Amino acid sequence: MQVEQTFVMVKPDGVKRGLIGPIITRFEQKGFTLAAISLRSIDRALAERHYGELKEKPFFGELVSYLTSGPVCAMIWQGEHAVENARSIIGKTNPVEATPGTIRGDFAMDIAGNIVHGSDSPSSAEREIGLFFGSGAGAAAAASTVPTHLIAG
Ligand code: IDP
C-alpha cells in the first residue's frame with residue numbers, strides 16, 4: 001500500500017490561541033504519522049499561490065491578510081486515505097456547520113477564522129507540500145523513519 005500524505009496548516013489564529021498542541025494530538029489520536037513540521041511566517045506571494053483557486057472570491061484579500069497576520073504551523077501528515085481522513089477530523093469549512101468533535105466544530109466560531117487548513121485532494125496535497133516544504137519533500141519525508149523538522153524564516 002502506498003502511504004498517502006496530506007498538507008495541514010494551523011492558521012495564525014490557531015497558533016495565537018495555543019492550539020498547535022491540541023490539533024497535533026487530534027491527528028496523532030486518529031492514527032496519522034507526522035512526517036514534517038515547520039513553524040514559519042508566510043508572505044503575501046505564498047499566501048496568494050496557496051489559495052490561488054480562490055482569487056476571484058470577494059473574500060480573497062481578507063483571506064490573504066489573515067494568513068499573513070502571524071506565524072503558521074505547516075505540517076505533512078501521512079497514513080491511509082490521509083487527505084479524506086484529515087478533512088473528516090478538521091470538519092466543514094464554516095465552523096457554524098462543523099460537527100462537534102471535529103477541530104473546527106470544537107475550536108472555531110467563524111468562517112474567516114477557522115484555525116486550520118487541510119488539502120482537499122491528493123493533487124492539492126502534493127502541490128501544497130511542494131509550496132511549503134519544497135518539491136521532493138513529501139517523498140523524502142515518507143522515506144524517513146522520524147519526522148523531518150524544518151525551520152524556515
Ligand atoms: P476549506 O478550507 O475547508 O478547504 P475553501 O472553500 O477552500 O475551504 O476556503 C479556503 C478558506 O477560505 C477557508 O478555510 C476560510 O479560511 C476562507 N473562507 C472561505 N469562505 C469564506 C468566506 O465566505 N469569508 C471569509 N473567508 C472564507
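Guide: Two residues are in contact if their C-beta atoms, placed from the backbone, lie within 7 Å. Keep that cut-off at hand. This is a predicted model.

Visitor: Let me try it on a residue from the record. Which residue does UniProt list for "active site", and what does it touch?

Guide: The unreviewed UniProt entry lists His117 under "active site". Leaving out residues up to four places away in sequence, histidine 117 touches Val8, Met9 and Lys11. Histidine 117 lies in strand 4, which spans 116–118.

Visitor: Is histidine 117 buried or exposed?

Guide: Count the C-beta atoms around it. A residue is buried if 20 or more others lie within 10 Å of its own. Histidine 117 has 20 within that distance, so it is buried.

Visitor: Which residues surround the ligand?

Guide: Read the shell as a list first. Leu54, Phe59, Glu62, Leu63, Thr93, Ile111, Ala112, Asn114, His117 and Asp120 surround the ligand. Then sort by class. The shell has 5 nonpolar, 3 polar and 2 charged residues.

Visitor: Which residues does the UniProt annotation "binding site" cover?

Guide: In the unreviewed entry, it covers Lys11, Phe59, Arg87, Thr93, Arg104 and Asn114.

Visitor: Where is asparagine 114, and what does it touch?

Guide: Asparagine 114 sits in the loop between helix 6 and strand 4. With 23 other C-beta atoms within 10 Å, asparagine 114 is buried. Its contacts, not counting residues up to four places away in sequence, are Thr93, Pro95, Arg104 and Ala108.

Visitor: Arg104 is on that contact list. Where is arginine 104?

Guide: Arginine 104 is in helix 6, residues 103–107. It has 23 C-beta neighbours inside 10 Å, so it counts as buried. Beyond four places in sequence, arginine 104 touches Ile90, Gly91, Lys92, Pro95, Ala98, Asn114, Ile115 and Val116.

Visitor: What about alanine 82, next in the sequence? Where does it lie?

Guide: Alanine 82 lies in helix 5. It has 27 C-beta neighbours inside 10 Å, so it counts as buried. Now look along the chain. Alanine 82 and phenylalanine 32 are 50 residues apart, and their C-alpha atoms are separated by 7.5 Å. Phe32 is among the contacts of alanine 82, along with Glu4, Gln5, Thr6 and Trp77.

Visitor: How do I read the nonpolar core? Which residues touch the most other members?

Guide: Start from the general idea. In soluble globular proteins, nonpolar side chains tend to be buried together. Here, the largest nonpolar core has 35 residues. Met9, Val10, Met75, Ile76, Trp77 and Val116 touch the most other members. Elements that each supply at least two residues include strand 1, helix 2, strand 2 and helix 7. Strand 3 gives the largest share, 6 residues.

Visitor: What is valine 116 in contact with?

Guide: Leave aside its neighbours within four places in sequence. Valine 116 then contacts Val8, Met9, Val10, Lys11, Gly14, Ile23, Ile90, Ile103 and Arg104.

Visitor: Now step back. How many helices and strands are in the protein chain?

Guide: The protein chain has 8 helices and 5 strands. From the N terminus, the order is β-α-α-β-α-α-β-α-α-β-α-α-β. The radius of gyration is 14 Å, close to the 15 Å that the globule rule gives for 153 residues, so the chain is as compact as a globular protein of that length. Of the 153 residues, 35% count as buried.

Visitor: Which residues does UniProt list for the domain?

Guide: The unreviewed entry lists residues 3–140 as "domain: Nucleoside diphosphate kinase-like". Over that range the chain is 44% helix and 19% strand. The end C-alpha atoms are 13 Å apart.

Conventions. Residues numbered from 1 in each chain as written. Predicted model: local features only at pLDDT ≥ 70, side-chain atom pairs only at ≥ 80, totals over all residues. Near = placed C-beta within 6 Å. Nonpolar A, V, L, I, M, F, W, Y, C, P; charged D, E, K, R; others polar. Helix = DSSP H or I, 4+ residues; strand = E, 2+ residues; numbered from the N terminus. Rg over C-alpha atoms; globule rule 2.2 N^0.38 Å. Buried ≥ 20, exposed ≤ 12 C-beta atoms within 10 Å, placed from the backbone. UniProt positions renumbered as here; feature names shortened; annotations may be inferred. Core = buried A, V, L, I, M, F, W, Y, C linked by C-beta atoms within 7 Å.
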